[in-house]
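Hi,

Here is the structure I said I would pass on. Have a look at it first, and then read my notes below.

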Amino acid sequence: MAKLYFSYAAMNAGKSTLLLQAAYNYRERGMRPLLYTSSLYVADGVGLISSRIGISEPAELFAADDDLYQSVRDFDEESKVDCVFVDEAQFLTRDQVWQLARVADRLRIPVMAFGLRTDFQGKLFPGSMELLAIADVLREIRTICTCGAKATMVVRQDMNGRVLTDGDQVAIEKSVYLSLCRKHWEEEVGRWPVKGP
């Protein structure tokens, strides 16, 4: 039975690297993976999944109004799809997560989604929230805080290194994010020490 998988982590945990490695493994065995990434990551009109270690691969783009079930179905009818990989899965809509679940359930194609769990304010992304609710398999990919503890949160910094606590949930410039453990995230965003009683 095909399943919907969600692998999540803070920034810089190697999510895209793992996705590209898994897609390579499918190809090496003569199978066809289908890769998607958010339309926020378009480069010269092409979707690109890239890793900090220097590997990248073109991918289909998804935007909020796309029907991913129909898209995968169309690709599968053209030539058999053996697995669907979704990078930046936090940007999926709740409906799109259900569409991907239907890909697993009805088309019997495994779907592996990779993304962030929470934003810089410690809030769940809508896509991540739905994936955490309905995915068959959840997997945490670990990275470390500056103190060496497991990082589960991210802070957004401005160009001067000042931590931002307000702003839009989505800002895709990766260089302004820092992965931290919960303790140091709370200190950086000014929630500790607690003021008042």
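One term before we start: I call a residue buried if its relative accessible area is under 20%, exposed if over 50%, and partly exposed in between. Please also keep in mind that this is a predicted model.

Glu 88 sits in the loop between strand 6 (83-86) and helix 3, and its phi is positive, near 60 degrees, although the residue is not a glycine. Asn 12 is another non-glycine with a positive phi, of about 65 degrees. You'll find Asn 12 in the loop between strand 1 and helix 1 (15-28), and its relative accessibility is 32%, so it is partly exposed.

While you are looking at the backbone, check the peptide bond from Trp 192 to Pro 193: it is cis, with omega near 5 degrees. Pro 193 belongs to the segment after helix 5 (182-188).

Now the helices. Helix 2 (residues 68-78) packs against helix 3 (residues 94-106) with the axes 7 Å apart and an angle of about 40 degrees, so the two are oblique to each other. On the helix 2 side the contact uses Leu 68, Tyr 69 and Val 72, while helix 3 brings in Gln 96, Gln 99, Leu 100, Arg 102, Val 103 and Arg 106. Sorted by type, that contact has five nonpolar, two polar and two charged residues.

Helix 3 also meets helix 4 (residues 126-134): their axes come within 8 Å and cross at roughly 40 degrees, which makes this pair oblique. The crossing is right-handed. Here Arg 94, Val 97, Trp 98 and Ala 101 of helix 3 touch Pro 126, Gly 127, Glu 130, Leu 131 and Ile 134 of helix 4. The residues in this contact are six nonpolar, one polar and two charged.

Two buried residues are worth a click. Ala 2, in the segment before strand 1 (4-9), has a relative accessible area of 10%, so it is buried. Ala 2 and Asp 105 are 103 residues apart in sequence, yet their C-alpha atoms are 6.6 Å apart in space. Beyond its neighbours within four places in sequence, Ala 2 is in contact with Ala 104, Arg 108, Ile 109 and Pro 110.

The other is Thr 152, in the loop between strand 10 (150-151) and strand 11 (153-157). Its relative accessible area is 18%, which makes it buried. Leaving out residues up to four places away in sequence, Thr 152 touches Ala 10, Arg 117, Thr 118, Glu 140, Leu 180, Cys 181 and Arg 182.

Cheers

How values were computed: Residues numbered from 1 in each chain as written. Predicted model: local features only at pLDDT ≥ 70, side-chain atom pairs only at ≥ 80, totals over all residues. Heavy atoms only, no water. Axes fitted to C-alpha atoms, helices over the stretch in contact; angles between N-to-C directions. Helix = DSSP H or I, 4+ residues; strand = E, 2+ residues; numbered from the N terminus. Parallel < 35°, antiparallel > 145°, perpendicular 65-115°, else oblique. Contact = heavy atoms within 4.5 Å. Nonpolar A, V, L, I, M, F, W, Y, C, P; charged D, E, K, R; others polar. Left-handed = near helix turned anticlockwise from the far one by under 90°. Buried < 20%, exposed > 50% of the residue type's maximum accessible area, 1.4 Å probe, protein only.
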